[in-house]
Structures are given as structure tokens and as C-alpha cells.
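Dear colleague,

Please find below the structure that I am handing over to you. My notes on what was found in it follow directly after.

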Amino acid sequence: MLGFLIQRLIQAAVVMMLISALVFIGVFAVGNPIDVLISPDVTQQIRLDTIAAYGFDKPLWEQYLNFLDRLVHGNFGRSFVFNMPVLQLILSRLPATLELTVAAVVGAMVIGIPLGMYAGYRPDSPVTKTIMGLSILGFSVPTFWIGLVLIMTFAVHLGVLPAGGRGDTVAVLGVEWSFLTLNGLSHLFLPALNLSLFKLAMMIRLARAGTREIMLTDTIKFARATGQSEWTILRRHVLRQIAIPIVTVLGLEFGSTLAFAVVTETIFSWPGVGKLIIDSIQSLDRPVMVAYLMLVAFLFIVINFLVDIAYAALDPRLRTRRA
Amino acid sequence: MDKATPLGRFWAEFRESHIATAALALILAVGTLALLAPWIAPQNPYDIGTLVLMDARRPPGHVGANGFVYWLGTDAQGRDLLSATMYGLRISVQIGVAAGFIAFVVGATLGATAAFVGGRIEMLVMRFIDLQLSFPAILLALVLSALLGQGKTQIVIALVTAQYAYFARTAHGAASAERAKDYVEAALSTPLPASRVIFRHILPNCLPPLIVVATVQVANSIALEATLSFLGLGLPVTEPSLGTLIANGFQYMLSGRYWISIYPGIALIVLIVAINLVGDQIRDQLNPRLKR
């Protein structure tokens, strides 16, 4: 097990190095940040000084080494646009994204699992047909389009919910949260719904498939024989068994929810990390782009690593096989 | 069609599903509209000479200054939205099909070759592809189109890079199974070059699952391209796809001018949902576990 662990750790480190090089070269290829940083009518001397101050006059490989050196010291540089440390900038935006993502995932679970279990429990009822039809829509209709329709319906047409922003926030432990005020909740509702629809469709499908399978097993037969009510059977036996795959998939999907938050945050002007990355791509804010990409890559590698370890712990064949 | 051929049987079974048949008809209709847009659209929306600025942002059914009827209204430049939507469909379909096709060729070749060669190379390639699959395609496409800039070629490259891995994964799985069969052994015992065995013997037998992936991925490419264009990273304003049109209308939506975004959006949804329905049906038909 230890050998397997070390092997996977080395693999993860190599992948991270490769990604850092790719990200650095890739971001380097986008536009010239000097044109964004200083106005075109400054003197040649100031221009050269600025280039030297940011190290843009050095060869690419030297800039990369400097970048790696700063990275291992936890220094991601300063944002060109906001003129503050990138790490601080991203951390200040992270709570908004986290709040949105968690609200979306929890919402998808709370609504999706009961609907999916019903669809699996009564596979032929017309309600099930409707639920499954809606889940196909949730899968195939692009997130940004659903966002537009939501804004149009609830914000423009009915005028009951705000179209964007975070609303009033309350500071807890120095971090601003929207979900603690009524106004903030009303701002959170539409973007969270928008982000959750894809997960909701997935939850419905997972819960339905699991329920259909388990309802046919002997467990359920015996549970019925003991005289438990259908409600108790669903809650005690079915829900417990389908919970394991659902939680696994949710963990894996957490990363992709963060990715889709980019779209939702842009539509609803939600001031999170996703909106930050789109803004920084448009304003050529290189340090922010690099830091965001590195953090996301790091997150995914950590998730993959944990999944590998969990599988190895569960399946002894993976441990002994030389991968 | 003749019921005796495998294709004929497939088609007969396909037609049993009314929803899938309707979806296929819809795809053909939308495809024809897209293909013939320059000849059947009432207006060329990108010929500035024909645009009347006085008719900008008019609601559906507006009759223009020169008696021209704008059935779906006009956008901020006074373009007829019916025509703009048809031209937008044309670009979206072009990009979706091109990206899907190239990703198919690249992914299937890579996956089948890896399965054929085996050993360390296979392990390395598949490990890389698994890693890429764990990363959301939308994020990869987003970053790539930001790095490459706007334009048709750039967006196709971004989409292919984000999606070839699905084809490679599927082709690898199917080709690994085929590789062990006797006919491949027989082909290898003749002096045929390896490339011929891969492309003429193994790959044709891997086609069914790949076709399912292809339908889904074409729909995904169209949706991804629309998303990127909506975020301002996909196509430039001079080549507006459906996503660009929707983005242009977004700012007018809050003032109640819904039609600028809605009609291109409906065209997009109809196309994507129809392709997915057809893909679902093909998958069910090819799935041996669901065979009666």
C-alpha cells in the first residue's frame, strides 16, 4: 500500500509540474499585458522600468523558474488590475462561489433524490414520465440558456426576484455571506437554481436507477414480510443503499460544479471566482489567470488522488498490480 | 428500406419510436434551413446595405419602412431575426459537425492504436486520457479559447481538444475487445501493415459505440460553442453563431425586449434536444442488454 501511495504521489507531482508549464506558456501567449498596464503615452523610460519591474524582459524559461520559485513560497504575484495579491483576491471571492455551489448541490440532492426515488418506485406512472422528460431537458439544455429564461421569467416578467448581485450580506468570522439575510437569499435563489438543474437531472437518474434495482431484491421482499410500511422501506432500506453511489458521484462532480459556476456567475453578476476568471481573461490579468488555473488543476489532482486511494483501499487487486 | 440488410433492420426498429423519428425529421429540417440559409433567408443580415437602422429593436411582426415584415422582430442593428437565426444556425451546425468529426477521427485513431500497440504506450496514453476526462470539458474549452483567441478555426481546435478524449476512451474499450479476436490474429498473420489492420479490420468493428458518442458529442459541441460565444470567448461578432446572437440580446432582455435572445435560443434548444433524443434511441438500439 505504501509503495502504491508513493507511486501515485510522484505521478500527481509530475502531472502538476506539466500543468504548471503548460499554463505558464499558454497564458504567456495571450496578448501583451504591458499594453493594459500602462497608458500608451508614457515616456519610453517608464515603459522600460515597468517591463523590468514585472520581469517581462527576461527570457521565458527564467520567468518560468521565477514563477515556480514564487509558487512554492505561496506567492502567486499581484493582480495587474486590482493591484492586490492574487491569493488574497481569489480568497476574497471564494466564499461567494462556495455559497453558490453548496446551495446548488444541496438543492439538487434535496429535490432530486425524492423525485428519482419516486420515479424508480413507480416506473410507469405519468408523473414519472414527466420527471424523466424534465431530466432529459436538464441534461441537454445549456446552463446559460436556462439562466436567461430564469431571469426573463422571474426578474423581468414577474418582477419577484432580483436579476443579479449578492444582495445584503452578513459578516460571520470576517466573511460575507448572503444566505443569512432574506434579501441575500432572494438573490441567491435564481443562480443556485440555475447551477443546480444539471446536477438535479443527474440525481434523478442516479436515484431512479438505484431504486429500481433495489426494489427487486430480496431485501425488500423480506422487509415487506416483516410488515414494515412502504414509507419505512423506502427510507430505511432503499435510501440507505442508494446513498453510497450518489455521495461518490457528488464528490466527483463538485469540481465540475465549480467549472459551471463560471457561466452562472457571469449571467447573474455573482461576484465569485468564476466571474473573476472571465473578467481577468478579458482584461489580460495574467497572474489571476495563472493562479486560478493552478488552483483548479490542484483541486482536480487532489480529488483524483483521493479517489485512487479510496479505490485501492477497497480493491486489493489495484494495490498489487503494477500500474 | 430493405428489411434484409442490417441497416434496414436498424431503420425499421428506429422508426418504431415516434419521438426519435420526429426528432430525426426535425434535425433534417433544421439542417436544411441551415444549409440553405443564404438562399432562403428573407434578408442577408450581414450585408449592411440592406439594414434599416430605423427598424432596430422592433417586436415580432413589425412591418418595416419598405414594407418588409420582420416575423421575429429585429435586433439592435435592425437585422431581421428570422434571417439572423438561420445564418446563426448555419454557423453553429458547421462548427458542431466539424468539431465532432475531427474529434471522432483523432480520438478513434488514438484509442484504437493504443489498444493495438499495448504495453507502456497504451498505459501512458490512456492514463493521460483518463486524467483529461476527470477535468470538466467546459473549463478546458474555456481556457483554450481564451488562449487561442476568437475565430472559427480556434474554436474548433478548442472543442476538439476538449472532446477527443471521449472518443478515445470508447474506441480503446471496443478495440481492446476486438484485438483479442481471431480475425485480427488472422489479419496479422498476413503481411498486411499494422495501420491497415487497425483502420480496415479493427476500427470498422468498433463503430457502433463510437456513433453513439458522436451524436452526443455533436450536440455537446454545439452547446459548448454557444456557451463560449455567449461568454464572449467563442466567435467574433462578424461571424455570429446562435450563442453570439443570444449574448447580443442579453443586454436588451432586462428592458423587456425578449425576442432578440429568445428566438436564436429556441432554435438552439430544439437542435440540441433533437440530437440528444436521436442519440438516446440509437444507444438503446445498440445496447445488447436491452435486446428483446
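In these notes a helix is a DSSP run of H or I with at least four residues, and helices are numbered from the N terminus. Please bear in mind that this is a predicted model.

Confidence

The model has an ipTM of 0.79 and a pTM of 0.82. For chain B the average pLDDT is 83, and 89% of the residues score at least 70.

Chain A

Chain A contains 13 helices and 2 strands. Of its 323 residues, 32% are buried. Among the contacts in chain A with a separation of 6 or more, 70% are between residues 24 or more positions apart.

One helix of this chain, H4(A), covers residues 60–72. Its 13 residues reach 19 Å from the first C-alpha to the last, close to the expected 18 Å. After H4(A) comes Gly74(A), which has a positive phi near 75°.

Another helix, H8 of chain A, runs over residues 182–215 and holds Ala192(A). Thr101(A) is 91 residues away from Ala192(A) along the chain, yet their C-alpha atoms are separated by 7.2 Å.

Chain B

Helix H3(B) spans residues 81–117. The 37 residues of H3(B) reach 53 Å from first C-alpha to last, close to the 54 Å expected at 1.5 Å a residue. H3(B) is mostly covered, with 28 of its 37 residues buried. Just after this helix, Gly118(B) has a positive phi of about 70°.

Helix H6 of chain B, residues 152–179, includes Ala165(B). Ala165(B) is buried, since 24 other C-beta atoms lie within 10 Å. Residues up to four places away in sequence aside, Ala165(B) touches Gly107(B), Ile129(B), Gln132(B) and Leu133(B). By contrast, the C-alpha atoms of Ala165(B) and Pro42(B), 123 residues apart along the chain, are separated by 41 Å.

Leu35(B) lies in helix H2 of chain B, residues 18–40. Leu35(B) is partly exposed, because 14 other C-beta atoms lie within 10 Å, and a count between 12 and 20 defines that class.

The nonpolar core

The largest nonpolar core has 152 residues. Those with the most contacts inside this core are Ala112(B), Ala141(B), Leu142(B), Leu159(B), Phe167(B), Ala171(B) and Ile272(B). Phe167(B), leaving aside neighbours within four places in sequence, is in contact with residues including Ala103(B), Phe104(B), Gly107(B), Leu210(B) and Val213(B).

Where the chains meet

Between the two chains, 30 residues of chain B are in contact with 30 residues of chain A. On the chain B side, the elements that give two or more residues are H5 (137–148), H8 (194–230), H9 (242–253) and H10 (259–286). The largest share, 7 residues, comes from H10(B). By type, this side of chain B divides into 23 nonpolar residues, 7 polar ones and no charged ones.

With kind regards

Definitions and conventions
Residues are numbered from 1 along each chain as its sequence is written. Chains are lettered from A and ligands numbered from 1 in the order in which they are written. This is a predicted model: local features need pLDDT of at least 70, side-chain atom pairs count only at pLDDT 80 or more; totals for chains, interfaces and linings use all residues. Two residues are in contact if their C-beta atoms, placed from the backbone, lie within 7 Å. Ala, Val, Leu, Ile, Met, Phe, Trp, Tyr, Cys and Pro count as nonpolar, Asp, Glu, Lys and Arg as charged, and the others, Gly among them, as polar. A nonpolar core is a set of buried Ala, Val, Leu, Ile, Met, Phe, Trp, Tyr and Cys residues joined through C-beta atoms within 7 Å. The expected span of a helix is 1.5 Å times one less than its number of residues. pLDDT is the predictor's confidence in each residue, from 0 to 100.
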